[in-house]
Amino acid sequence: MTKGYWVSVYPAISDPERLTAYNELAGPAVRAGGGRLLSRDGRVVAHEAGITQRVVLIEFDSFEQAVAAYESEAYQKALVALPDGFERDFRIIEAID
């Protein structure tokens with residue numbers, strides 16, 4: 001079984017404080033789905049497009065688990081709390097075995 005990852009890049013965050021409601025719901029939803037936070041707001045050296053803003057990396061034991069966590073009722077409630085005006089590039093990827 002290959003691991004799955006959530007990769008989120010936020011090219012533009014005008015007001016990070018507005019993410020509080022989303023974070024309060026998303027954290028428990030991710031943990032309940034078996035996710036482990038590997039990186040958030042750490043140091044970034046940007047190349048190519050030069051995006052240095054917030055990057056979040058979450059690991060799951062399988063790709064299927066990562067998809068199920070995203071589709072869970074708990075995480076869908078978190079998405080509703082994501083404020084308008086936030087740009088986010090979100091992907092679920094499968095690791096190489």
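Helices here are DSSP runs of H or I with at least four residues, strands are runs of E with at least two, and both are numbered from the N terminus.

**Figure 1. Overall fold of the predicted model.**
By that count, the protein has three helices and four strands. Read from the N terminus, the order of elements is β-α-β-β-α-α-β. The radius of gyration is 13 Å, close to the 13 Å from the globule rule for 97 residues, so the protein is as compact as a globular protein of that length. The C-alpha trace spans about 35 × 30 × 15 Å along its principal axes.

Strands of a sheet pair through backbone hydrogen bonds, in either a parallel or an antiparallel sense.

**Figure 2. Strand 1 against strand 3.**
Strand 1 covers residues 4-12 and strand 3 covers residues 55-60; the two run antiparallel and are joined by six bridges. Two of the residue pairs are shown here. Y5 faces E59 of strand 3, and V7 stands opposite L57 of that strand.

**Figure 3. Strand 2 against strand 3.**
Strand 2, residues 36-40, runs antiparallel to strand 3, with four bridges between them. R36 has E59 of strand 3 as its bridge partner. For S39, the bridge partner in strand 3 is L57.

**Figure 4. Strand 1 against strand 4.**
Seven bridges join strand 1 to strand 4, and the pairing is antiparallel. The view includes G4, which stands opposite E94 in strand 4.

**Figure 5. The largest pocket.**
The volume of the largest pocket is about 290 Å³. Its lining is formed by 20 residues, and those nearest the centre are A26, G27, L37, R40 and I58. Two or more lining residues come from each of strand 1, helix 1 (20-32), strand 2, strand 3 and strand 4. Helix 1 contributes the most, with seven residues.

**Figure 6. Residue classes in the lining of the largest pocket.**
Sorted by class, the lining consists of eleven nonpolar, four polar and five charged residues. The residues that lie nearest the pocket centre, R40 and G27 among them, are the ones to locate in this view.

Methods. Residues numbered from 1 in each chain as written. Predicted model: local features only at pLDDT ≥ 70, side-chain atom pairs only at ≥ 80, totals over all residues. Heavy atoms only, no water. Pairing = 2+ DSSP bridges. 1 Å grid on protein atoms, 1.4 Å probe; cavity = no way out; pocket = protein on both sides within 12 Å on 5 of 7 lines; lining within 4 Å. Points joined across faces, edges and corners; volume = space filled by probe spheres on them. Nonpolar A, V, L, I, M, F, W, Y, C, P; charged D, E, K, R; others polar. Rg over C-alpha atoms; globule rule 2.2 N^0.38 Å.
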